[in-house]
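Keep the structure open beside you and take the points in order.

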Amino acid sequence: MGGTKAVAGKALRVVLIVIGVGVAGYVGLMLLLFYGLREPYPYLDVSNETGRPLLIERADTLNSPGGAGWSSLVWGTKGYWQASGSQQCDRDQLVARDLQGTVVARREGACSSDNWTITADGLPPAPRYQREPVPPDQVEARLVLGSYGTEIPVATWWRSLPQTLRQAAAAGPQAGVTVHGPFVENDQLTLYVRGPSAATVLEFARTQVLRPSPGRVYAFVSAPGEPAPKTGTSVLLDATTRPTTARTR
């Protein structure tokens, strides 16, 4: 009787082992199929250590407003470039340009799941906003770009920005407005606009600075004589309608 129980126990253990091996094999096969059938990560990761916005584009893309080709504006520490997916991706030539269009870094190879680190070696310090007291008869608005750097309107606006800022500087004195930036603050692309009233500052920003429109831009406006807040209620600026939509960030 005891021998029969021992044999039955051994048989049960064998059955359990076989079942366990089978389940483990099935799970392993499913995992293998899952990861094998997954599309590879289709981006080249970009690490921007320069502290300034950089426009990533193919080396053969014309550096002019409306230039052809896909671009990615990277202003934070992390961004990405959409890899071509071709077998010759290791031959793709990329450049990183600053606001003035100067090439600050080059790379050969833009394959998916790779990484491109752009350092600040050889570059001057990144610009920082030099905060000065706001006169009691003025307000200050902090503009924060809310669109993604891979959106076409963002690259188009960025390519035009040097000329746009020159024109804004020429038009500013008549409206009593000054524009400062762009700057990178806490991984946000920001500009500052000062003027005699919130309405004047927002209208000037919408019509003189944000053209062509980069998409979503949030404005944080101060009270007279106060610096622009970094949080709280913001105004969504649009290129074609007056700024009326407010939200809290």
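1. Start with the sulfur atoms of Cys89 and Cys111, which are joined in a disulfide with an S to S distance of 2.0 Å. Please keep in mind throughout that this is a predicted model. A disulfide is a covalent bond between the sulfur atoms of two cysteines. The structure holds 1 disulfide, and the link of Cys89 and Cys111 is right-handed, with 95° about the S-S bond.

2. Where do Cys89 and Cys111 sit in the chain? Cys89 is in the loop between β4 (78-82) and β5 (93-97), while Cys111 is in the loop between β6 (103-108) and β7 (115-118). The two are 22 residues apart, and the pair links distant parts of the chain.

3. Is Cys89 buried or exposed? Its relative accessible area is 11%; because buried means under 20%, Cys89 counts as buried.

4. Next, look at the aromatic rings. A pair of aromatic rings is described by the distance of the centres and the angle of the planes. The structure holds 6 aromatic pairs. One of them is formed by Trp70 and Trp81, with ring centres 5.0 Å apart and planes at 75°. Planes over 60 degrees apart count as edge-to-face, so that is the label for Trp70 and Trp81.

5. How accessible are the two? Trp70 is partly exposed at 29% relative accessibility, whereas Trp81 is buried at 5%.

6. Finally, turn to the empty space inside. Rolling a probe the size of a water molecule over the atoms shows where empty space is left. How many cavities of 30 Å³ or more does a search of the whole structure find? The search finds 1, and the largest cavity has about 30 Å³ of space.

7. Which residues line the largest cavity? They are Leu143, Leu145, Trp157, Leu189, Leu191, Leu210 and Val217. Strands β8 (139-145) and β10 (188-195) are the elements that give two or more residues to this lining. By class, the lining has 7 nonpolar residues, with no polar and no charged ones.

How values were computed
Residues numbered from 1 in each chain as written. Predicted model: local features only at pLDDT ≥ 70, side-chain atom pairs only at ≥ 80, totals over all residues. Heavy atoms only, no water. Disulfide = S-S within 2.5 Å. Helix = DSSP H or I, 4+ residues; strand = E, 2+ residues; numbered from the N terminus. Buried < 20%, exposed > 50% of the residue type's maximum accessible area, 1.4 Å probe, protein only. 1 Å grid on protein atoms, 1.4 Å probe; cavity = no way out; pocket = protein on both sides within 12 Å on 5 of 7 lines; lining within 4 Å. Points joined across faces, edges and corners; volume = space filled by probe spheres on them. Nonpolar A, V, L, I, M, F, W, Y, C, P; charged D, E, K, R; others polar. Phe/Tyr/Trp six-rings, centres within 6.5 Å; stacked < 30°, edge-to-face > 60°.
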